[in-house]
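Reader: I would like to learn how to read the features of a model like this one. Please take them one at a time.

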Amino acid sequence: GTGPLEGGSFGKKPHHSSRFLRSGSSGGARADFWAKHESRRRAQDFEFHQSAKTFERARIERLQREDLAREQAEREKRQAEEARVQEKHAADEATRVLAAKKKMAGEYEALYLAFEEKARGKMKICYNSVPWPAKGGSAEFVIDFHANSKHLSEGDTRKLVLQWSRRWHPDTWARYDMAADEREGILKRVEEVSKKINSLLD
């Protein structure tokens, strides 16, 4: 028979070493592939997390801007409401003051006309019987003509001041019957009032 060295399997070169080499080379390629795959996956994960952080940061910043804008709008609304209330109070106060001055002017006008009627009827005038449009020693007016006439036109204001100028002119008062011992003091005070009134025409 044929011996192992003559043609049997023992006579052939073994092939397992080449298969081992091929297997080892294939395993290295797979390892390299998975290493690259893992590297790409980690890079993608990192990029995803970075994008998520960027998105979250942008979301927070947007919410902060919206909060600031809302607070600013509410603050401006409160300020506008406060300004409206203040304007209304100021307008109400101006109306009240004007009404009070009109009332004061009306009451004083009635008082003076009653005095004037008596003075023209030859009533003897005493210093304390005169309804002086002032208090204190000088012509410090209780009724401020300019303030009282703000509701009037410029022409009507001038007419009002001219009326008072004629009313308190020294020549007008020189015709009245005055107590002899008070005549000088009355005419001196009338002159002060007249100068004060005439200054409003400048």
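Reader: Which pattern does the chain follow along the sequence?

Author: Helices (H or I, at least four residues) and strands (E, at least two) are DSSP runs, numbered from the N terminus. Here the order is α-α-α-α-α, with 5 helices and 0 strands in the chain. This is a predicted model, in which local features need pLDDT of at least 70 and side-chain atom pairs count only at pLDDT 80 or more, while totals for chains, interfaces and linings use all residues. Residues are numbered from 1 along each chain as its sequence is written, and side-chain values use heavy atoms, with hydrogens and water left out.

Reader: What share of the residues is buried?

Author: Buried means under 20% relative accessible area, exposed over 50%, and partly exposed in between (1.4 Å probe, protein chains only). Of the 202 residues in the chain, 18% are buried.

Reader: Which residues have the most contacts inside the largest nonpolar core?

Author: A nonpolar core is a set of buried Ala, Val, Leu, Ile, Met, Phe, Trp, Tyr and Cys residues joined through side-chain atoms within 4.5 Å. The largest one has 18 residues, and those with the most contacts inside it are Phe115, Ile125, Val130, Trp132, Trp168, Trp173 and Ile186. At least two residues of this core come from each of α1 (16-120), α3 (154-167) and α5 (183-199).

Reader: What is Trp173 in contact with, leaving aside neighbours within four places in sequence?

Author: Contact means heavy atoms within 4.5 Å. The partners of Trp173 include Tyr112, Arg167, Met178, Leu187 and Val190.

Reader: How many aromatic pairs does a search of the whole structure find?

Author: Rings of Phe, Tyr and Trp (its six-membered ring) pair if their centres lie within 6.5 Å; planes under 30 degrees apart count as stacked, over 60 as edge-to-face and the rest as tilted. The search finds 10 pairs. One of them, Tyr127 with Trp132, is tilted, at 5.1 Å centre to centre and 40 degrees between the planes. Trp168 and Trp173 are stacked, at 5.0 Å and 20 degrees, and both are buried. Ring pairs join Tyr112, Phe115, Tyr127, Trp132, Trp168, Trp173 and Tyr176 into a cluster.

Reader: Why is Tyr127 called partly exposed, and Trp132 buried?

Author: Tyr127 is partly exposed because its relative accessible area is 27%. Trp132 counts as buried because its value is 12%.

Reader: Where does the charged end of Arg167 sit?

Author: A charge sits over a ring if NZ of Lys or CZ of Arg is within 6 Å of the ring centre and within 35 degrees of the ring normal. Arg167 has its charged end over the ring of Trp164, 5.4 Å from the centre. Arg189 lies over the face of Trp132, at 4.9 Å from the ring centre.
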